[in-house]
Amino acid sequence: MRHITVLGATGSIGVQTLEVIEKMEGVRAEGLSTYSKIELLEQQARKFRPKKVCVVSEPHAKELKIKLADTEVKVLSGSEGLVELAEGEKSDTVITGIVGIAGLVPTLAAVRAGKRIGLANKETLVTAGDIVMSEAKRCGAQIIPVDSEHSAIFQSLAARVNPKEYDREVSEIILTASGGPFFGHARESLLGVTKEQALKHPNWSMGAKITIDSATLMNKGLEVLEAGHLFSMPLSRVKVLVHRQSIVHSMVRFCDNAVIAQLGAPDMKLPIQYAITYPARMEMTGNELDFLSCGPLTFEEADTETFRCLSLAYQAGNIGGTMPTVLNGANEEAVSLFLNDKIEFLEIAEVVEQAMDAHKTIASPSARDILEADLWAREYVRGALHKIK
Ligand code: NAD
Ligand code: MG
């Protein structure tokens, strides 16, 4: 029997993870969490009967405790509850579907407890990649990517012949990007775009934050940094190509110029399932790729003049230390301000750049330094808002 904990069970990744688990034999949902969506968490708890659930928001946790009083399910609360859930003795695998740096502390707890991590929460590696990867090594935790591009690279690297020659044999990683809803637009035409327009992703249905990140190309920037940590690659060897169809999920170029890619219909359930079953594969239906109807596959360069966030992410990654945390924290705050109609679409990149310019980097930060840099960046962006308005 496999026991799985789903952090962020009520989000896009979390709901799809439970759909995957439901179809698997010998797999049980052991723990589930939400920030405050207790109606959905109650339904999930009644259906999957986990040992424990966690509601981060205390008042919502109290409400759910009453609703679930007739069951055996234990309701935890707050960030301590989330850590307890992530460390859960009985679970062997933790799928990290929390959005934002809020996923860092529970993910690190699961890593230190030696779990297999199905990593969806990319902000964990963007902000604390050095710490998380070295702790995973020390504690014997396996990190299997769920992000579709990174799962594709992980699968493509399986064809590598000699692990000792990894650095020489793997020349570069090529991340594909859909380009988002505004691909091909000039900067001027993005003045005044609405959140409704930005939330219309051409190929994927995801949470609001990552959908806005896809529209600004910050998502690809975060993925470049995520790939650098996951696959020990200098950022000069992590490239981005716009591929509008989201069929080629990403590729690896080897030193003899062989390129190995993973292709498939855009469906997160495959990378989620693979993170659970790896190294085995399990049958899946409904996601077959039909080569005769998927149309031509195209590849183009990303426009980093218009979509500044992608180049800001490379800059932050090359500076290192706390700078990627500041990029991420400023972006999280800016996206939330944009979704609340407080700033314009193009101002997201502007405030992120301002925060990076103002930040004094700590070169080898501790986890505490990282959390402080995150708070500093958010505060900075809220301050910049007063100057804009
Ligand atoms: P979502 O907004 O749909 O869901 C987020 C989940 O996190 C919810 O369950 C919510 O209750 C919980 N949450 C929110 N704030 C929290 C907090 N402060 N503390 C604890 N829990 C909190 O997001 P999503 O689209 O499922 O994305 C989740 C993560 O997976 C993100 O890091 C995203 O970048 C990554 N990811 C998502 C997709 C996708 O298809 N959705 C693909 C690749 C990577
Ligand atoms: Mg992705």
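**The ligand and its surroundings**

Colleague: What distance separates an oxygen atom of ligand 1 from an N or O atom in the side chain of glutamate 123?

Modeller: This is a predicted model, in which local features need pLDDT of at least 70 and side-chain atom pairs count only at pLDDT 80 or more, while totals for chains, interfaces and linings use all residues. Residues are numbered from 1 along each chain as its sequence is written, chains are lettered from A and ligands numbered from 1 in the order in which they are written, and side-chain values use heavy atoms, with hydrogens and water left out. A polar contact with the ligand is a pair of N or O atoms within 3.5 Å, and for glutamate 123 the distance is 2.7 Å.

Colleague: What share of the area of ligand 1 does the protein bury?

Modeller: Accessible areas come from the Shrake-Rupley method with a 1.4 Å probe. Taken alone, ligand 1 exposes 820 Å², and the share of this that the protein buries is 86%.

Colleague: Which residue has a polar backbone atom 2.9 Å from an oxygen atom of ligand 1?

Modeller: Glycine 8 also places a backbone N or O atom by an oxygen atom of the ligand, at 3.3 Å. The residue with the 2.9 Å distance is isoleucine 13.

Colleague: Between which domains does ligand 1 lie, and why?

Modeller: The shell has 22 residues, each with a heavy atom within 4 Å of the ligand. Domain bounds come from an automatic or database domain assignment. Because both domains give residues to this shell, ligand 1 lies between domain 1 (2–146) and domain 2 (148–304).

Technical notes:
Polar contact = N/O pair within 3.5 Å; in protein donor to acceptor, adjacent residues only side chain to side chain.
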